[in-house]
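Here are some notes for a colleague who is opening this entry for the first time. Please read them with the sequence and the structure side by side.

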Amino acid sequence: MLKIYNTLTRKVEEFKPINPPLVTMYTCGPTVYEYSHIGHMRRYVGDDILVRILEFNNYKVKQVMNITDVGHLTSDSDTGEDKMEKGARKFGMSVWDIAKKFEKQFFNSADALNIRRPNILMHATDYIPEQIVFIQTLEKKGFTYKINDGIYFDTSKFKTYGRLRGEQKTNELKAGARVEMVKGKKNPTDFALWKFSYPQVSSHPTPGVSSGKRQMEWESPWGVGFPGWHIECSTMAIKGLDTETLDIHTGGIDHIQIHHTNEIAQSEAATGKEFVKYWVHHNFLHVEGNKMSKSIGNIFTVEEVVKRGFDPLALRYLYLQTHYRAEMNFTWGSLEGAQIAYKRLIEEVSEFKNPKIGCAEYEEKFKNAINDDLNMSKALSVVWEIIKSDYPDSAKAESIFRMDQVLGLDLEKAGEKKKRIKIVVPAAIKKLIEEREQLRKRGSYTQADHIRNKIKKLGYNIKDTKNGVEVEKI
Ligand code: AMP
Ligand code: ZN
């Protein structure tokens, strides 16, 4: 029985889909205005693991992911600029080309990490008419109002607003220092459903004119403009999954306070039904103890990881070691460690041939771990327990290949991978090796040996071969 933490109830719950074996799942996708980094990827590996675990439990998953290619503003309070327009300016390309470029980069990273593609991929810009109809429904039911800069959702009309974030009830979100409030909004928590390209002032310009400043804008019954980010997700989730109540909705923890809280409000206001049964949120990745940020310069992409000599699946292995609800601190040292562990795993598994009759005892343990709110680090430790067990290699192979349907570490390809994967030697060790080389060239062999011992103490053996120095992790 699968158990999963539900942000809505703040409890680990038994997972019971509405129409088993079908599971409907919506995943908030990337906003394609910038490079996707290893923080984003941690989240999507988390979703991929969830889908694989559902399938391991014999569910049939129908997963929709969206691509946000319009309407996601730089500020959550409806005041900022559209991230897409900003990205286009930064890279000197059209918004449409930016969207294409970064969607491609996102999927290249996702593919390298063995993240399987969702069954259905939906671009926000392909569903503008549907979003307009959604807003019209809300309008008819009396949940909207119009101000200069757009059509807004009146959160005071939705009685259970803020349920997902729990601690803050209706309208408690203050229009304080951090939240810049759009003029004319009735409540600080109200949010834009449709933004006008050009604020509508009584004299000029008239509703329905283009600002001439935005590259992406559409006609609507209220004037030329573009949809809000939240309405995109509600519309595509309900349309793509063909249901008004989804089993699972996933996202990052940053989505709880506003984006998902607003998705619930507008969806339930429109349909009168519960929008989502289980809300799953992934925690963030930090780098060397800091938040990832441009000013610190610690935003790394999967391309960078590969350029530094790592196998992308070593990164996947590293992600699996931290529970999805815990904050994860990425360091290059931890990735070096993960690459060593992954390399060992590949080497061990490459010896296993002819999979036959698995080890039921360990498979049971593995399933208990993954079904216990996705305890992947425990699941990995079960893999190592089998490897060290007395079971015949054929049984180990059978079980481990089955487990890899969840892990996604390419273990069936271990034989061919073994030749390619190398440990990545830390910079400090490389420096010591270089110093030792210099000493040897000068004939200072005692000092050179001293350095060799120092390297050994740091956990590496070095061997002098005719091709140069070879390094091994002890
Ligand atoms: P964005 O493209 O900025 O909308 O982000 C896409 C997803 O990646 C969102 O679900 C974010 O929560 C998530 N995300 C962004 N930065 C990080 C990070 N440092 N660690 C984990 N997830 C992140
Ligand atoms: Zn979303």
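1. The pLDDT averages 90 over the chain, and 94% of the residues score at least 70. In residues 174–178, however, the pLDDT is below 50, and this stretch has four contacts in the model beyond near neighbours in sequence. Where pLDDT is low, the predicted coordinates should not be read in detail.

2. Around ligand 1 there are 15 residues, of which Gly 39, Arg 43, Asp 254, His 255 and Leu 285 come nearest. Sorted by class, this shell holds five nonpolar, eight polar and two charged residues.

3. Which polar backbone atoms lie 3.2 Å and 2.8 Å from a nitrogen atom of ligand 1? One belongs to Gly 39, at 3.2 Å, and another to Leu 285, at 2.8 Å. Arg 43 instead places a polar side-chain atom 2.8 Å from an oxygen atom of ligand 1. Taken alone, ligand 1 exposes 490 Å², and the protein buries 92% of that.

4. The zinc ion (ligand 2) is coordinated at 2.0 to 2.2 Å by Cys 28 (SG), Cys 233 (SG) and His 259 (NE2). Cys 28 sits in the loop between strand 3 (22–27) and helix 1, while Cys 233 belongs to helix 5 (residues 229–241), so the pair ties together parts that are 205 residues apart in sequence.

How values were computed
Residues numbered from 1 in each chain as written. Chains lettered and ligands numbered in written order. Predicted model: local features only at pLDDT ≥ 70, side-chain atom pairs only at ≥ 80, totals over all residues. Heavy atoms only, no water. Near = heavy atom within 4 Å. Polar contact = N/O pair within 3.5 Å; in protein donor to acceptor, adjacent residues only side chain to side chain. Areas by Shrake-Rupley, 256 points an atom, 1.4 Å probe, with all protein chains shown as cover. Nonpolar A, V, L, I, M, F, W, Y, C, P; charged D, E, K, R; others polar. pLDDT = per-residue confidence, 0-100. Contact = heavy atoms within 4.5 Å. Donors = N, O, S within 2.8 Å, 3.2 Å for Na, K, Ca; no water. Helix = DSSP H or I, 4+ residues; strand = E, 2+ residues; numbered from the N terminus.
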